[in-house]
Amino acid sequence: MEENLDKPLTLENIASQSHFSKYHFHRIFQSSIGMTVTEYIRLRRLANASSALLYTNERILDIALYYQFESQESFTRAFKEVYKLPPGKYRKIMSDVIKNKEEPKMESKVKGWFLSGSNPFNYEMGVDYEVVHQGKASGYLKSKTVSDSSEFATMMQTFKANQFVGKRIKLSCFMCTEDVETDAGMWMRVDDTMGEVLQFDNMSNRPIKGTTNWSHYSIILDVPDQSAVISFGIILSGQGTVWADQFTFEEVDESVSTTNLEVYGELLEEPVNLSFEEEIGCKEV
C-alpha cells in the first residue's frame with residue numbers, strides 16, 4: 001500500500017499480496033489497525049497530500065488527481081474533514097507556521113517527550129511536518145554526530161502505572177526508518193516502586209533496519225499488581241532516522257500473547273541436582 005498510494009488500490013489486489021482472502025484480510029487488518037483498509041488508504045493519501053501542499057509548488061488539482069481523488073472538489077471535502085481547513089488555506093497557514101519554526105526546530109522540545117540514552121547529545125528529536133503518517137506531524141529521532149554503532153538514544157515518556165495495574169496492555173504505533181545502520185524499534189518497560197524491571201520489550205528480537213515504509217508495530221506486556229511506573233518510546237542505535245506516529249494504549253485479554261523479553265524460571269520447592277549427575281532429556285540408544 002505504501003508504495004502504491006498514487007495508484008488505484010482495491011481490497012482484492014492488496015489481499016492477494018498477503019495470500020489471504022479479501023474477507024479474512026479485511027478482518028485481520030481492521031482488528032490490528034482499528035479501521036478499514038479503505039479508510040486507512042484514504043488517510044495515508046491525505047497525509048501525503050498535506051506534505052505535498054507544504055513542501056512542493058504542485059497545483060492542488062494535480063495533487064488531488066495524483067492521490068487518486070476524482071476531482072479537486074472531492075479532495076477538498078475529504079481534506080477539510082480531516083484537517084479542518086480547505087487545502088489552499090491549509091497550505092498558506094501551515095507554510096507560514098513551519099517557516100517561522102524552521103530555525104529553532106532543531107533545538108525545540110517536544111511536549112511530553114524527552115531525549116535519553118547512552119549518548120543523547122549525538123542525536124536529535126523533534127516534530128516533522130513533512131514525513132507524516134496521519135494528521136499534521138510525526139515525531140522523529142535522528143543521529144547527528146554518531147560514529148559508533150554501540151551508541152543509542154531514545155525519545156521517551158514515563159507515567160504512573162495506576163490505570164493499567166492488573167491488566168495486559170498493548171502499545172502500538174506506526175514507524176518508518178531511513179538509513180538505520182544498526183537497529184531501531186519501539187520499547188516499553190514496567191517497573192515497581194523500587195525501580196526493578198517487571199516486564200520489558202525493546203523489539204531486540206525483531207529490530208528494524210535500513211530504510212522502511214510506514215508499518216504498524218506492537219508491544220504487549222502485563223502490568224503486575226506491584227507495578228508503579230510505565231516507560232515507553234522509540235529507540236535508535238547507531239546512525240539513521242526513525243519516525244513514529246499514532247501511539248495508542250489498549251487493554252487486551254490473556255488470549256493475546258505478551259512480547260515480554262524477560263524469561264523467569266519456575267520457582268522450585270527445594271534445590272535439585274546438586275551433584276550435577278541428573279541429566280535432562282537424555283535418551284537411551
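In the predicted model, Glu58 is found in the loop that joins helix 3 to helix 4. With a relative accessible area of 43%, Glu58 is partly exposed, since this value lies between the limits of 20% for buried and 50% for exposed residues. When residues up to four places away in sequence are set aside, Glu58 touches Ile63 and Arg91. Of the contacts in the chain between residues at least 6 apart in sequence, 73% join residues that are at least 24 apart.

Helix 3, which spans residues 37-55, and helix 5, which spans residues 72-83, have axes that come within 11 Å and cross at roughly 90°. The two helices are therefore roughly perpendicular to each other, the crossing angle falling in the range of 65 to 115 degrees that is assigned to this class. On the side of helix 3, the contact is made by Arg42, Leu43, Leu46, Ala47, Ala49, Ser50 and Leu53, and these residues meet Phe75, Ala78, Phe79, Glu81, Val82 and Tyr83 in helix 5. Divided by class, the contact of helix 3 with helix 5 contains 10 nonpolar residues, one polar residue and two charged residues.

A second pair of helices is formed by helix 1 and helix 2, whose axes come within 9 Å and cross at roughly 85°. This angle makes helix 1 roughly perpendicular to helix 2. Helix 1 contributes Leu11, Glu12, Ile14, Ala15 and Ser18 to the contact, whereas helix 2 contributes Lys22, Phe25 and His26. By class, the residues of the contact of helix 1 with helix 2 divide into four nonpolar, two polar and two charged.

The loop between helix 1 and helix 2 holds His19, a residue other than glycine whose phi is positive, near 65°. His19 is exposed, with a relative accessible area of 73%. A positive phi, near 70°, is also found for Gln68, again a residue other than glycine, and Gln68 is placed in the loop between helix 4 (60-66) and helix 5. Gln68 counts as partly exposed at 33% relative accessibility.

Helix 1 (11-18), helix 2 (22-33) and strand 7 (208-222) each supply at least two residues of the lining, and helix 2 gives the most, with five residues. The lining of the largest pocket consists, by class, of nine nonpolar residues, five polar residues and one charged residue.

Leu115 lies in strand 1, which covers residues 114-117, and at 28% relative accessibility Leu115 counts as partly exposed. Apart from neighbours within four places in sequence, Leu115 is in contact with Pro120, Tyr123, Met125, Leu141, Ala153 and Thr154. Between Leu115 and Gly233, which are 118 residues apart in sequence, the C-alpha to C-alpha distance is 9.8 Å.

Glu251, in turn, lies in strand 9, which covers residues 241-252. With a relative accessible area of 51%, Glu251 is exposed, because the limit for this class is set at over 50%. Leaving out residues up to four places away in sequence, Glu251 touches Lys167, Arg168 and Ile169. For Ile169, which is 82 residues away from Glu251 along the chain, the separation between the two C-alpha atoms is 4.5 Å.

Key
Residues are numbered from 1 along each chain as its sequence is written. This is a predicted model: local features need pLDDT of at least 70, side-chain atom pairs count only at pLDDT 80 or more; totals for chains, interfaces and linings use all residues. Side-chain values use heavy atoms; hydrogens and water are left out. Helices (H or I, at least four residues) and strands (E, at least two) are DSSP runs, numbered from the N terminus. Ala, Val, Leu, Ile, Met, Phe, Trp, Tyr, Cys and Pro count as nonpolar, Asp, Glu, Lys and Arg as charged, and the others, Gly among them, as polar. Axes are lines fitted to C-alpha atoms, for helices over the stretch in contact, and angles run from 0 to 180 degrees between N-to-C directions. Angles under 35 degrees count as roughly parallel, over 145 as roughly antiparallel, 65 to 115 as roughly perpendicular and the rest as oblique. Contact means heavy atoms within 4.5 Å. Buried means under 20% relative accessible area, exposed over 50%, partly exposed in between (1.4 Å probe, protein chains only).
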